[in-house]
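Please read the following report alongside the sequence and the model.

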Amino acid sequence: MKRILTPCSIGTCTIKNRFVMTAANLGWCEDGFVTKKVTAFYRERAKGHVGLLIAGAAGVDPVRVNQTGMMQIYDDRFIGPMRELTEAVHQEGSRIFLQLMHAGAYARKEEHSGMTAAAPSSYLCPFTREETEELTKERIREIIQWFADGALRAKKAGFDGVELIGSAGYLIAEFLSGATNRRTDTYGGAVEQRTRFLMEIIQAVRQTVGSDYPLMVRLSGADFIPDGNGPGEAAKVAALIGTQVDAIDVTGGWHESQVPQITYNVPEGMYLYLAKNIKQAAKVPVIGCNRLTAGKAEEVLEKGWADMAGMLRELIADPYLVRKYEEGRADAIRPCLACNQECLDAIFSGGGIGCVVNPLVGQESCLQEEAEKDAHTAAAVRASDRQENRQENGRPGTPAEKKPGNQAEKRILVIGAGVSGMVYAATAAKRGYAVTVWEKETGYGGAAAAVAHVPYRKDIKKYLDYLFRQCVDAGVRFCWRKEASEEILADLLDAGQYGRVILAAGADWEPPDYGQPKEVKIYRPEEVMRGEILPGRKIVIIGSGYKAVQTAQYCAAAEKEGDQERRFLERYAPDQITFADNIMKWGDPEITLLAPAKRAGGGFGKSTRWMMLKDIKKQGVTVETGVQILGLEKDRVLFRKDGEEKMVEADLIVGAFGWKKKEFSPAFTKAFADRVETIGDAVQPGRISEAVKQAFYAAMTLKEDNDV
């Protein structure tokens, strides 16, 4: 058996496999109390066979109480609802720990009743941009007792163990790091003194709950902040606490780190070397984290770099990830896009957690059972029907269109095999509808397929492949190179061949007219990112949103005109390179992003925007914001900035703007208003998250009275 599926132990707690769902503030608690929504969320992951769930973080401070939906454990009154949570998880066969947390300097005034944040020292917190208040020794002892009391309440509530969060920049991490701990007393100075606060918390917890109650610490393997702890200091901390705790959960970085930790340009398992470093320093089980997929987690455990695999966003995206992996159906796992748009960005903004690719996050209690039917079950239900179709047309996997009399009242035609089209098709087919998809291209994915070519966005390709497999397993029929005019659709509907038509063909594109000559062409980002256009050496991208930034990322990394020839000379005639560059204009590419808005990258979340802009600038892209485009000429773009007219040379102009919804004639819309529905970018050009939600709920709310 694969090691990741074998049982393991944290102290006295035996866990059925080595998958761990790491902690996150879901944002759904009411006055600090666990709600049924929270319980249903964790129950669903337990149903999915996750070995260990870590709930929280739960606040231990009764004075500075987070008011934005965060879980609390500072009083006995929180125990009852928590017991309902632990019982629900135990009923499904999983274990659950509670993470205990004090926000320290990260406690924003607006979230904590206007109170100044408490920290080891007084300083301006880079993350909140607010001043902190230095803790006295008396207050330190008080907080230590709060952690111990919280652990006892967790034990009474039925949690199988507790985790102390000593990472990410919260209070314990602030004491551990020389960047924020500037004390000169016994709690500051060398690593051993800076670890004293954590050690005293561990000792107080042990005295309160007993030595046999499982206790672990989440530790930053490196802070990735100026003057913070590196792997060496982290290993010293791990060695000090390793004899006192039952496991160490290793992550990387603080929230304020300028080294990407959670964005999609972080390679899978990038920071597992930190887990290996801690494992060598402390002889206790180690949980490795950060950007893990099931496959990467298996690889890491087989190598022995960690003892357990910690995931968060992957299990938000697919609560049944572990169960599918156990059943050998890894290709049925819904992949996380690592976009942070509706999960971590939402939490950082004080909202509730969600997911771009899983519209049922937060609604597990009412819809999950029906919507998350296993792909293999759907395939089995339709097996006989597919066999019949194979015999008819001789083409395996492409069922013939159902004839009248065979569920004719439930036939749906979807126009477009992009994200919204495939989400709708798969969802409707799983509900028993016979779905056919027409796509004018020869492949699936629509606009998202182009974005999948952008550096670091391979997760989008995985997601599109997942959607296509879901459709095929559910019996959806695809017809390629098939376009749909109003006349064709009207004839099909009039003839009763389909009970309903779903228009999911994407947005129209019409760039503004800058009075440019006819020979000046503006290209769409999709044309460029699909490789249909080989970028020149002087590229201008016009637009302020995330598509403009993604186009810049693609152009900076893509092969350009002359690259192949230049490499040839570098290899065989290097003395000719300078001469050839001057004649053929093969010099270094010049990429300029002209953003009419005051800031570029609109549409990215706060955890991603800064990094993407930093990334393209490091690759040599010039970003000009607050510009007014004055005109386009054959080889240049004219613009105004700060009242000054400027010019930038261009042999390729990309317009990341001009998308608009599909327009159909009033006569067509009126005639088939009850049988035609428009979804996705065809309604309002937007992000994948909007397309998924709209398509999913449109398919889930299909009513029988809409059928023929």
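Which residue in S26 is the bridge partner of Ile 522? The bridge partner is Ile 653.

## Basis of the description

This is a predicted model, in which local features need pLDDT of at least 70 and side-chain atom pairs count only at pLDDT 80 or more, whereas totals for chains, interfaces and linings use all residues. Residues are numbered from 1 along each chain as its sequence is written, and side-chain values use heavy atoms, with hydrogens and water left out.

Helices (H or I, at least four residues) and strands (E, at least two) are DSSP runs, numbered from the N terminus.

## Annotated regions

According to the UniProt record, an unreviewed entry, the annotation "domain: NADH:flavin oxidoreductase/NADH oxidase N-terminal" covers residues 4-331. Over residues 4-331 the chain is 34% helix and 17% strand, with the end C-alpha atoms 18 Å apart.

The annotation "domain: FAD/NAD(P)-binding", likewise taken from UniProt and from an unreviewed entry, covers residues 411-660. Over residues 411-660 the chain is 35% helix and 25% strand, and the end C-alpha atoms lie 29 Å apart. UniProt positions are given in the numbering used here, feature names are shortened, and annotations may be inferred rather than shown by experiment.

Contact here means heavy atoms within 4.5 Å, and angles run from 0 to 180 degrees between N-to-C directions, with axes being lines fitted to C-alpha atoms, for helices over the stretch in contact.

Another open sheet of five strands has parallel pairing and the order S16-S15-S14-S17-S28. Its edge strands, each of which pairs on one side only, are strand S16 (477-480) and strand S28 (676-678), and the twist averages 20° from one strand to the next. Strand S17 (residues 500-503) pairs with S28 in the parallel sense over three bridges, and in S28 the bridge partner of Ile 502 is Glu 677.

H16 lies across strand S14 (411-415), strand S15 (434-439), S16 and S17, running at about 170° to S14. Helix H16 (residues 419-430) also packs with helix H26 (residues 688-700), at an angle of about 30° and with the axes 8 Å apart. That angle makes H16 roughly parallel to H26, given that angles under 35 degrees count as roughly parallel, over 145 as roughly antiparallel, 65 to 115 as roughly perpendicular and the rest as oblique. The residues of this contact of H16 with H26 divide into 12 nonpolar, two polar and no charged, where Ala, Val, Leu, Ile, Met, Phe, Trp, Tyr, Cys and Pro count as nonpolar, Asp, Glu, Lys and Arg as charged, and the others, Gly among them, as polar.

Helix H3 (residues 137-156) packs with helix H6 (residues 196-209) at an angle of about 40°, their axes being 8 Å apart, which makes H3 oblique to H6. Residues of H3 including Ile 140, Phe 147 and Lys 155 meet residues of H6, among them Phe 197, Glu 200 and Val 209. By class, the contact of H3 with H6 has 12 nonpolar, one polar and two charged residues.

Helix H7 (residues 231-241) and helix H8 (residues 272-281) pack at an angle of about 40° with their axes 8 Å apart, and that makes H7 oblique to H8. The contact is made by Pro 231, Ala 234, Ala 235, Ala 238 and Ala 239 of H7, together with Leu 274, Asn 277, Ile 278 and Ala 281 of H8; these residues divide into eight nonpolar, one polar and no charged.

## Backbone details

Most residues other than glycine have a negative phi, and most peptide bonds are trans. The peptide bond from Gly 56 to Ala 57 is cis, with omega near 5°, and Ala 57 is found in strand S4 (residues 52-59). Asp 31, although not a glycine, has a positive phi of about 55°, and Asp 31 lies in the loop between strand S3 (19-21) and helix H1 (36-47).

Terms used
Two strands pair if DSSP finds at least two bridges between them.
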